[in-house]
Each structure stands twice: as C-alpha cells, then as structure tokens.
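Welcome, and thanks for taking a look. Please glance over the sequence and the model below before reading on.

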Amino acid sequence: MSYDTQVPPSPQAVMRNGLGTAALILGIIGTLAGLIPLLFWLAGILGLIALILGLVGKGRVKRREANNKGVALTGALLGLAALILSVVGAVITFTAVSDAVKEIDKAVKDAAPQDPSPQSSASGAKGGASAAPGAGKGGGLAAGDTSVYDDDLKVTVSDPKPYTPGEFAVGHTKGNKAYQFTVVIENGGKEKFDAVAVTLDARAGKDGVTAEQIYDGKVGEGFSGTILPGKKATVTYAFDAPATAENLTVEVSPGFDYNAAQWELKVG
C-alpha cells in the first residue's frame with residue numbers, strides 16, 4: 001500500500017516596503033518645499049526624515065525584507081536634496097531679513113531731523129559745536145582747524161609748506177609754486193570708515209583758479225583702505241599754484257554721505 005504525501009507550499013514572505021515608500025513621499029514634499037526659501041525649515045525636517053527612512057528601507061532590501069530598492073534609494077536622495085535646499089533657503093532668508101533690517105534702520109536715521117553740515121572746531125577742542133577761532137572770513141577753516149561730523153569723524157588740514165616736485169612730477173607747471181600739507185582723518189565713531197571715497201580739490205589766489213594736484217611718487221597717492229574706530233590716517237598732498245597766489249582754498253570731502261569742508265590756507 002502506498003501513500004501519496006504532499007508537502008504544503010510555504011507561505012510567501014510579506015514584503016515590508018512601507019519605509020521606502022514613506023521616504024519617497026517625504027522626499028518629494030521636502031524637495032518642493034526647499035524650492036521656497038521661506039519654507040527652509042520644513043524642507044530640512046522632511047529631508048532629514050526622508051533620508052533616514054530611505055536608508056533604513058534600503059537596509060531592509062539587503063536583508064530581503066523588502067523589494068522596493070529603487071523607491072527607497074530615490075527617497076533617500078530626495079531627502080538629501082531637500083536638506084541641501086533647506087540650507088540654501090536659510091541663507092537666502094536670513095540675508096534678506098538682515099538687509100531689510102538695515103534698510104529700515106537707514107530709513108529711520110534719514111527720517112530723523114539732523115544738521116547735515118559738519119561742525120567746526122579748533123584742533124584739539126572738545127565738543128565740536130563752536131566755530132573755529134581761526135576760520136576765514138568766508139566761513140572756511142584755517143590751517144590746523146578740524147571739521148567734526150555727526151558720526152564723530154574728524155578731518156584736519158595742516159599749515160602749507162613749500163614743496164619741490166620731483167623730476168618726473170605730474171601736475172606741476174614751470175614758473176608756478178608748489179605747496180604741500182597733510183590731511184589727518186580720525187575716526188571717533190563706533191564703525192569703521194571707508195577712506196577710499198575721500199576726495200580733495202584746491203583753488204588758488206583771489207581769482208580761485210584750479211590748483212592742480214601733484215603726483216611724483218612721494219605725494220598724491222591719497223587715502224585708501226579703512227580706518228578703524230579710534231584710529232587715524234595721515235596723507236600728504238601737494239598742489240600747484242600761480243607764483244602770485246597768496247592763498248590756497250582746499251576742499252575735503254570724506255565721502256558721498258558727507259558734506260565737504262573748506263580750509264583757507266595762506267601761501268606765498
């Protein structure tokens with residue numbers, strides 16, 4: 001007598017594909033959110049979760065507990081992309097907010113009533129509210145006087161001295177006289193001062209003819225760089241003037257946001 005024995009089929013293993021699918025969905029949402037800078041926080045959270053779930057889902061595929069390797073891998077990559085976009089969005093958002101705050105502060109300062117003209121004081125005087133004792137008849141400052149601005153920037157022009165231009169000097173005309181003087185800029189404020197925009201002009205004699213600035217390698221370089229709070233910078237200038245000129249009017253402008261100040265220097 002024979003018996004037919006039949007082996008019952010083994011139940012098919014249930015695939016655990018949920019983590020890979022969840023990683024894909026969260027990765028897509030996180031990436032889309034990352035395209036909007038203001039949603040950088042949402043992109044970061046979803047991206048991190050998608051990356052973790054995708055990596056765990058890929059691990060299940062290796063252990064043959066899941067069979068959606070492509071879905072899990074795509075979800076992890078999208079999670080990583082969402083994280084990168086969240087960082088970029090955060091930088092853009094914080095930069096925009098910072099710029100907006102600066103613009104608001106600037107608008108508030110511009111709206112506040114203030115005297116845009118520089119204050120004049122004698123060199124070394126405190127307060128800077130009174131007129132300089134050595135000021136000229138036309139209101140210009142005298143040699144050694146200091147022009148003080150609202151932000152405590154101080155500009156001082158020294159007494160002029162005769163100057164002998166170099167052999168290859170530019171700006172000097174034969175028969176004219178050359179004079180040199182120093183300009184000292186002191187930053188008494190709390191923020192650094194950009195000295196690149198400092199400009200000087202000069203006129204000579206009673207007719208106010210334009211005095212040419214002299215460049216010869218020793219003078220004429222001008223201000224450069226920045227001046228830190230509490231620091232000074234000194235530059236020597238030289239200008240060409242007619243031999244008969246008895247005065248030199250020097251105008252110094254510290255920058256675009258400053259009013260120029262004038263000094264009446266006696267020469268000849």
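This is a predicted model: local features need pLDDT of at least 70, side-chain atom pairs count only at pLDDT 80 or more; totals for chains, interfaces and linings use all residues.

Where is the place of D152? D152 sits in the loop between β3 (146-148) and β4.

## Two residues with positive phi

Phi of D152 is near 70 degrees, a positive value in a residue other than glycine. Most residues other than glycine have a negative phi. With a relative accessible area of 38%, D152 is partly exposed, because it falls between the 20% and 50% cut-offs.

R64 is another such case: its phi is near 60 degrees, again positive in a residue other than glycine. You will find R64 in the loop between α2 and α3. The relative accessibility of R64 is 73%, so it counts as exposed.

## The chain as a whole

The protein chain holds three helices and 13 strands. Of its 268 residues, 34% count as buried. The chain exposes about 16700 Å², and carbon and sulfur atoms supply 59% of that area.

## How confident is the predictor?

The average pLDDT of the protein chain is 83, and 85% of the residues score at least 70. Among the elements, strand β4 (residues 153-157) has the highest mean pLDDT, 93. Strand β1 (residues 119-121) has the lowest, 47.

Residues 119-138 deserve a careful look, as the pLDDT is below 50 over this stretch. Beyond near neighbours in sequence, the stretch has 37 contacts in the model.

## Aromatic pairs

How many aromatic pairs does a search of the whole structure find? The search finds six. One of them joins F40 and F94: the ring centres are 5.7 Å apart and the planes meet at 65 degrees, so the pair is edge-to-face. F40 belongs to helix α2 (residues 40-62) and F94 to helix α3 (residues 69-111), so the pair ties together parts that are 54 residues apart in sequence. F94 counts as exposed, at 53% relative accessibility.

F193 and Y258 also form an edge-to-face pair, because their ring centres lie 6.0 Å apart with the planes at 85 degrees. This pair links distant parts of the chain, 65 residues apart: F193 is in strand β7 (residues 193-194), while Y258 is in the loop between β12 (247-253) and β13 (261-266).

The aromatic residues F181, F223, Y237 and F239 form one cluster.

## A nonpolar surface patch

Which residues make the nonpolar surface patch of about 510 Å²? The patch is made by I28, L32, L35, I36 and L38. One of these, I28, is in helix α1 (residues 18-34). The relative accessibility of I28 is 40%, so it counts as partly exposed.

Key: Residues are numbered from 1 along each chain as its sequence is written. Side-chain values use heavy atoms; hydrogens and water are left out. Patches are made of residues with over 30% relative accessible area and no salt bridge: like charges are joined within 9 Å, nonpolar side chains (Val, Leu, Ile, Met, Phe, Trp, Tyr) within 5 Å. Accessible areas come from the Shrake-Rupley method with a 1.4 Å probe; for residues, only the protein chains shown count as cover. A salt bridge is a side-chain nitrogen of Lys or Arg within 4 Å of a carboxyl oxygen of Asp or Glu. Helices (H or I, at least four residues) and strands (E, at least two) are DSSP runs, numbered from the N terminus. Buried means under 20% relative accessible area, exposed over 50%, partly exposed in between (1.4 Å probe, protein chains only). Rings of Phe, Tyr and Trp (its six-membered ring) pair if their centres lie within 6.5 Å; planes under 30 degrees apart count as stacked, over 60 as edge-to-face and the rest as tilted. pLDDT is the predictor's confidence in each residue, from 0 to 100. Contact means heavy atoms within 4.5 Å.
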